[in-house]
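Please open the model in a viewer and keep the sequence at hand.

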There are 4 protein chains.
Amino acid sequence: MGDILRIGRLELRVLDLEKSVDYYTNVIGLEVTGREGDRVYLKAWDEYDHHSIILQKSDQAGMDHMGFKVKDIYALEKLEKKIEQFGCTLTRSSENTRLAEGEAIRFKIPTGHYMELYTDIKQVGTRVGVINPHPWPDGLKGIAPHRLDHCLLTGDDLETATRFYKEVLGFHQTERITTVDGEVTIGSFLSCTNKAHDLAFVKGPDAKFHHAGFYVDNWYEVLKAADILTKHDVQVEVTPTRHGITRGQTTYFYDPSGNRNEAFASGYISYADFPTITWTEDKIATGIFYHRREMVETFSTSLT
Amino acid sequence: MGDILRIGRLELRVLDLEKSVDYYTNVIGLEVTGREGDRVYLKAWDEYDHHSIILQKSDQAGMDHMGFKVKDIYALEKLEKKIEQFGCTLTRSSENTRLAEGEAIRFKIPTGHYMELYTDIKQVGTRVGVINPHPWPDGLKGIAPHRLDHCLLTGDDLETATRFYKEVLGFHQTERITTVDGEVTIGSFLSCTNKAHDLAFVKGPDAKFHHAGFYVDNWYEVLKAADILTKHDVQVEVTPTRHGITRGQTTYFYDPSGNRNEAFASGYISYADFPTITWTEDKIATGIFYHRREMVETFSTSLT
Amino acid sequence: MGDILRIGRLELRVLDLEKSVDYYTNVIGLEVTGREGDRVYLKAWDEYDHHSIILQKSDQAGMDHMGFKVKDIYALEKLEKKIEQFGCTLTRSSENTRLAEGEAIRFKIPTGHYMELYTDIKQVGTRVGVINPHPWPDGLKGIAPHRLDHCLLTGDDLETATRFYKEVLGFHQTERITTVDGEVTIGSFLSCTNKAHDLAFVKGPDAKFHHAGFYVDNWYEVLKAADILTKHDVQVEVTPTRHGITRGQTTYFYDPSGNRNEAFASGYISYADFPTITWTEDKIATGIFYHRREMVETFSTSLT
Amino acid sequence: MGDILRIGRLELRVLDLEKSVDYYTNVIGLEVTGREGDRVYLKAWDEYDHHSIILQKSDQAGMDHMGFKVKDIYALEKLEKKIEQFGCTLTRSSENTRLAEGEAIRFKIPTGHYMELYTDIKQVGTRVGVINPHPWPDGLKGIAPHRLDHCLLTGDDLETATRFYKEVLGFHQTERITTVDGEVTIGSFLSCTNKAHDLAFVKGPDAKFHHAGFYVDNWYEVLKAADILTKHDVQVEVTPTRHGITRGQTTYFYDPSGNRNEAFASGYISYADFPTITWTEDKIATGIFYHRREMVETFSTSLT
C-alpha cells in the first residue's frame with residue numbers, strides 16, 4: 001500500500017441543508033454521524049471512518065474540498081514537503097475545524113480545487129462489526145452504496161494536474177483521453193489504489209466539480225439505484241450503462257443542489273505497472289458512454 | 001501503491017501435462033503463451049504479463065512456488081535485505097530459468113512454501129489493447145477469469161507467517177480466524193493491495209497447497225463457472241455460495257491433478273487502516289461457507 | 001390461457017403458529033392478510049388475491065391441501081365432471097370454510113394429497129397498484145418473493161398422477177425422470193401455464209409434502225435469499241445452485257415446522273407443444289442439483 | 001393453455017439479405033435453418049420449431065406478417081370461423097409457400113397488419129436435446145436470445161384492435177395506455193400466455209412495424225447485449241433500462257434495414273384474471289422508459 005490510502009471525504013456545498021440531508025440519507029442511503037452548525041456529516045454503511053461526506057450549507061453548490069486519507073503522520077509530513085516544493089501554498093486546518101477530524105493540510109491543486117490530506121479521523125466502525133460479521137447489515141435504505149468511490153473534477157491544464165498527482169502524490173494514471181494527435185490531455189484518470197480511479201479530471205473550467213461516485217456492488221445494484229431514483233422522482237441524467245473508461249457500470253443523477261452523483265459498480269482492478277489506456281478524442285463518447293457512443297450535452301456543461 | 005504489486009504467478013505441479021493444458025485452456029479459459037521442456041505458461045485474458053500460471057510436469061501435484069511482482073528493482077533489493085534479516089535463506093533464480101522472466105529471488109517462507117519476488121517479466125498485453133479498448137475481447141472460452149486472484153496455503157505456525165508478511169513484506173491482515181480464546185491463529189488473510197486477500201493461510205501441514213483463486217466479475221459469472229464445470233464433467237467440491245470471510249462469491253473445484261481451484265467474485269475493497277476482522281473457531285464454518293454453516297470434509301483434508 | 005389459471009394457494013400445517021407467522025413474514029417476507037381461529041392467511045407482495053399461503057395450526061407438519069384457481073365457474077363445473085368421471089370423490093367446501101374464499105371443490109388426487117379448485121377469492125391487490133405502478137413497492141422485508149410458484153409432492157404411482165393431470169386437468173408434462181429402461185416414472189413435472197412447472201411429483205410415500213417454491217426474480221435474489229436465511233439462522237438444506245430440471249436457480253430450506261421451502265428463480269418458458277424432457281435415473285442427481293451431481297440425503301427422506 | 005400457443009414467427013422485410021443474415025446470426029446470434037429464393041429462415045437456440053424469423057429480401061423494410069402458433073387443427077378451425085365472423089378477409093397459404101411450414105390462415109387485423117395462424121411447422125429441436133439436457137449449448141454467438149418474445153405494431157384504432165385480440169383470439173390485456181381522461185387507448189399490451197406481453201400496439205400509422213423483442217435471461221444479459229452491439233458498431237437507440245410497462249429490462253437497436261429490435265429480459269408473469277394496469281398519457285414516458293422518464297424522439301417516429 002502506498003502513502004495515500006484513499007479518497008476519504010468530500011465536503012459538498014448544498015443550498016438547502018435539510019432537503020440535502022433527506023436526499024443523502026433516504027435516496028443515497030448514507031447515515032448521519034454528526035451535525036454541527038451549518039454542516040452535517042455522513043458515512044456509507046461499509047465505511048469505518050466517522051464520515052465520508054460533509055454537507056455544508058452554502059448559497060452556491062459545488063465542492064468545498066476533497067480529502068484523501070494518508071496512512072500515517074510520517075507519510076503526511078513527507079507529502080507536505082513535496083507539495084510545497086511543487087509550489088502549492090499549504091495551510092493547516094486545526095483540530096477542531098470540523099467534527100471528528102484531527103489536523104489536516106489543505107492546498108490548492110493545479111486545477112484550482114482544494115484538497116486536504118489527513119490521517120487523523122475518528123473511526124466509528126460499521127454495523128456488521130469486526131467479529132464474525134454478516135456480509136451486510138439489516139435496515140439498509142435507498143441506494144445504500146458501500147462507500148464513496150471517486151470524484152471527477154474539471155480543469156484547464158490536465159498535463160500539470162496529472163504530473164502533480166503522479167510525481168508528487170504517487171498516483172498512477174490508469175487512463176487518459178487525448179486529442180487525436182496526442183498533443184493535449186483532455187481527460188485523466190488517476191488511482192492511488194488498485195481501483196480503476198480514485199480521482200479524475202476532464203478538460204473544462206478550473207475549480208469546478210463534475211461528480212461524486214458511490215460504489216455499489218454490481219449491475220443489479222445499478223438497476224436498483226436507477227429504480228430508486230425514479231421512485232423518489234430524482235432527475236437521472238444518464239440511465240444505467242457501461243463506461244468504456246474503467247469498464248464500470250454506472251448511472252448519473254443530481255442531488256437537490258445540482259451536484260452530480262453517480263452509482264458506480266465493477267471497474268477493473270488496476271496496478272501501477274499497467275500501461276495507461278488511451279482514448280482518442282474521436283472515441284471519447286464511446287469511452288464515456290460505451291453503449292450510447294454519443295455525448296450527453298449536460299454531461300459537459302452542468303458543473304457546480 | 002506499496003512495494004509488492006500483486007500475486008503475479010503460481011507454478012503448479014501437474015501429473016499429466018497435456019490433460020492439464022486442456023483443462024486450464026478449455027475449462028478455466030487461460031491462453032497458452034509459451035512452452036519449454038516440461039513447462040507450459042499461461043495467462044488470463046485481462047493480464048498484461050506473459051504468464052500467471054506455469055504448469056510444471058511432475059510426479060506429485062502441488063505448488064512449486066508463488067511469485068509476487070515487485071514494483072521495481074530498488075524495492076526488490078530493499079525487500080531482499082529484510083527477508084534475509086528475518087532469517088530466510090535466499091537464492092537468486094537466474095534470468096533464463098523460466099520463459100519470459102528476468103531474475104527473481106526465491107526463499108522459503110515460515111510455513112515451508114517457496115515464494116519468489118521479481119520485477120522483470122515480459123509484458124505481452126491483452127487482446128483488447130490499450131487504445132480505445134472494448135471492455136472484453138471476442139472469443140473467450142470457458143470460465144474466462146480476469147486474472148489470478150489469490151492463493152491459500154496451509155501451515156502450522158500462522159502467527160509467524162502473519163508476522164513475516166506484515167512486518168517484512170508490508171501486507172496488511174484483513175481477516176483472521178482464532179481459537180475461541182483468541183490464543184491461536186488458525187486462519188490468516190493477507191493483502192498487499194486493496195483486495196480482500198492476495199494470500200491466505202489456514203492451519204494445517206506445512207508446505208501444502210490448498211487452492212488458487214481466479215477472479216470472475218460477478219455472481220452470474222460464478223454460476224456460469226459452475227455450469228461449465230458440470231458441462232466438462234469436472235468435479236465441483238463446493239457449489240456456488242458466499243464466503244463470510246471476504247464476503248466473496250465462490251465455487252471450488254479440482255484440476256486434473258487434484259490441485260484445488262476457485263472461481264471467486266466480489267469481495268470488499270480493503271485498506272491498510274481497516275481493523276482486522278476476527279472469526280472465532282466456533283463460527284469458522286460460517287466464515288468459510290456462509291450459507292452452509294457446516295464444514296465440507298474434503299475442504300480441510302484434500303491438499304496437494 | 002387454459003381453464004386452470006395457476007397454483008393459487010397452499011394450506012400448510014404448522015406446529016407453532018406464532019413462530020411460523022414470524023418466519024413467513026420476516027424471513028420469507030409475506031404479508032398477513034387475515035387471521036381467524038387456528039389459521040393465518042398470507043400473500044406475497046406481487047399477488048392480487050387475498051392469500052396464497054394459509055398456515056393452519058396442527059400437531060403435525062405438512063400440507064393440508066393445494067388449491068388451483070380456475071378461470072370461471074363454467075370451467076370449474078366442467079372440471080368437476082371430469083374429475084368425478086376419473087373416479088375421485090369430490091366434496092364441496094362451503095363459502096365460509098376459510099376467510100375471503102368462496103366455494104371450492106375438494107378431492108383426493110391419485111397420490112393421496114388433497115387438491116382444491118376454486119374461482120372465487122377476494123382480490124385485495126398489491127401495494128404498487130394498477131395505475132402507473134412502480135415496479136416494486138417500498139418496505140419489502142426478507143426474501144420477498146413475487147409469488148407462490150409451485151409445489152412438489154411425493155407419491156407412488158406417478159404414471160396415474162401424470163395421466164390425471166394431463167387428461168383430466170389439462171396440464172402439460174414439461175419434464176420427467178424415468179428408470180434407465182424407461183419403464184417407471186420416478187419424477188413428473190407438470191405445468192398448467194407457461195412456467196416450467198406448477199406442480200411436480202417425485203417417487204416416494206403417498207400423501208407427503210416435499211416443498212413449496214416461491215418465485216424470486218434472478219440469481220442475485222437467490223443469493224440474497226440465502227444470505228437472509230443465514231442472518232436469521234434458518235437451516236439451509238441446499239445452498240444456491242441450478243437445477244438441471246427446469247434450469248431454475250434455487251436454494252432450499254425449512255420453515256420452523258420442517259416444511260421445506262424453496263426460493264426459485266428463472267426456469268424456461270414452456271409451451272404445450274414442447275417435447276417432454278426426459279432425465280434418466282442415472283442422471284437424476286444432475287437433473288436435480290446440476291452443479292453437485294450427487295444427491296443430498298435429506299432431500300429424499302425429509303418429508304412432511 | 002389456450003388455443004393460441006405463442007408468437008411463433010415474424011417475417012421481416014430486409015433490404016440487403018446477406019448483410020441481414022450476417023447481423024441476425026452474428027449480432028443477434030440466431031442460427032440459419034433454411035434458405036430458399038429470397039428468404040432465409042432462422043431460429044433462436046432455445047426454440048424447437050424450424051424458424052421464428054424469416055428474412056425476406058425486399059425494397060422496403062418492415063414486417064410481412066406475424067405468425068402465431070395454434071395448439072391444433074381444431075382450434076385453428078374454430079378461430080378461423082370467429083375471425084371471419086369479425087369481418088376479416090381470410091386467405092389460406094398453401095403448404096409449400098414457405099419452407100418447413102404447413103398450411104396457415106392469413107388475414108388483415110384491424111390495424112392493417114397481416115397475421116397468420118398455423119399449427120403445422122417442422123420441429124427441429126435444440127442443440128441441448130431432450131434427454132438429460134445441459135441448460136445451455138456450447139458455441140453460442142452474439143446476444144444469443146432464448147427466443148422471439150413479442151412484437152409491437154402501430155395502428156390508429158386500438159380499441160378495435162384490442163377487442164379483436166380479446167374477444168376473437170382470446171388474449172388478455174395486461175396493460176394499456178390511455179389519454180388522461182381515459183377516453184382513448186393509445187397503447188395496448190396483449191398476452192396469449194403468462195408472459196407480460198406477446199403483442200402490443202401503440203397509437204400511430206396503420207400497418208407499421210415498431211419492433212421485434214427477443215428474450216434474454218436477465219439484466220446482465222441485457223448488458224452483454226448492449227456491449228455486443230457496440231462491439232459490432234450497431235446503432236443502439238435505447239441503452240439498457242427498465243420499462244415501467246411489463247417491468248421488463250431492455251435495450252433497443254436497429255437491424256441493417258432499420259427494423260427495430262429489442263433484447264428484453266424479465267417482465268412479470270401475467271394471468272388472465274389479473275386487472276389490466278393502466279398508464280395515463282401524462283406518465284407515458286415513465287411507463288416506457290422508467291428511468292429516463294422522457295420520450296426518445298425516434299422511438300415514436302422511426303417505424304418500418
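## First stop: chains C and A

Begin by displaying chain C together with chain A: twelve residues from chain C and twelve residues from chain A make the contact. The model is a predicted one. About 1100 Å² is buried between chain C and chain A, and carbon and sulfur atoms give 61% of that area. Next, select W136(C), Y220(C) and K231(C), the residues of chain C that lose the most area to chain A. Together they account for 57% of what that side buries.

Now turn to the charged groups at this interface. Chain C and chain A share two salt bridges. To view a salt bridge here, select D138(C) and K231(A), whose closest N and O atoms are 2.9 Å apart. The side of chain C that touches chain A comprises five nonpolar, three polar and four charged residues. Across the interface of chain C and chain A, six residue pairs are in polar contact, with both residues at pLDDT 80 or more.

## Second stop: chains B and A

How many residues of chain B are in contact with chain A? There are 43 residues of chain B in contact with 43 residues of chain A. The area buried between chain B and chain A is about 4300 Å², and carbon and sulfur atoms give 56% of it.

The interface of chain B and chain A holds six salt bridges. For a salt bridge between side chains, select D273(A) and R6(B), with 2.8 Å from N to O. Polar contact links 21 residue pairs between chain B and chain A, both residues being at pLDDT 80 or more.

Colour strand 1 (4–14) and strand 17 (277–280) of chain B next; these are the elements that give two or more residues to the side of chain B that touches chain A. Strand 17 of chain B provides the largest share of that side, four residues. By class, the side of chain B that touches chain A has 19 nonpolar, 13 polar and eleven charged residues.

Rolling a probe the size of a water molecule over the atoms shows where empty space is left. In this model there are twelve cavities of 30 Å³ or more. The largest cavity holds about 160 Å³ of space. To find the largest cavity, select E175(A), R247(A), Y268(A), I277(A) and Y48(B), which are the closest to its centre among the 20 residues that line it. The lining of the largest cavity divides into nine nonpolar, seven polar and four charged residues.

Side chains of opposite charge can pair when their charged atoms come close. Over all chains the count is 112 salt bridges. E103(C) lies in the loop between strand 6 (90–93) and strand 7 (104–108) of chain C, while R92(C) lies in strand 6 of chain C, so the pair ties together parts that are eleven residues apart in sequence.

## Last stop: two loops of chain D

Most residues other than glycine have a negative phi. Move to chain D and select N132(D), a residue other than glycine with a positive phi near 45°. N132(D) is placed in the loop between strand 8 (114–118) and strand 9 (147–155) of chain D.

Where in chain D is S266(D) found? Select S266(D) in the loop between strand 16 (260–265) and strand 17 (277–280) of chain D. S266(D) is not a glycine, yet its phi is positive, at about 60°.

Terms used
Residues numbered from 1 in each chain as written. Chains lettered and ligands numbered in written order. Predicted model: local features only at pLDDT ≥ 70, side-chain atom pairs only at ≥ 80, totals over all residues. Heavy atoms only, no water. 1 Å grid on protein atoms, 1.4 Å probe; cavity = no way out; pocket = protein on both sides within 12 Å on 5 of 7 lines; lining within 4 Å. Points joined across faces, edges and corners; volume = space filled by probe spheres on them. Nonpolar A, V, L, I, M, F, W, Y, C, P; charged D, E, K, R; others polar. Contact = heavy atoms within 4.5 Å. Buried area = accessible area lost by both parts, 1.4 Å probe. Salt bridge = Lys/Arg side-chain N within 4 Å of Asp/Glu carboxyl O. Polar contact = N/O pair within 3.5 Å; in protein donor to acceptor, adjacent residues only side chain to side chain.
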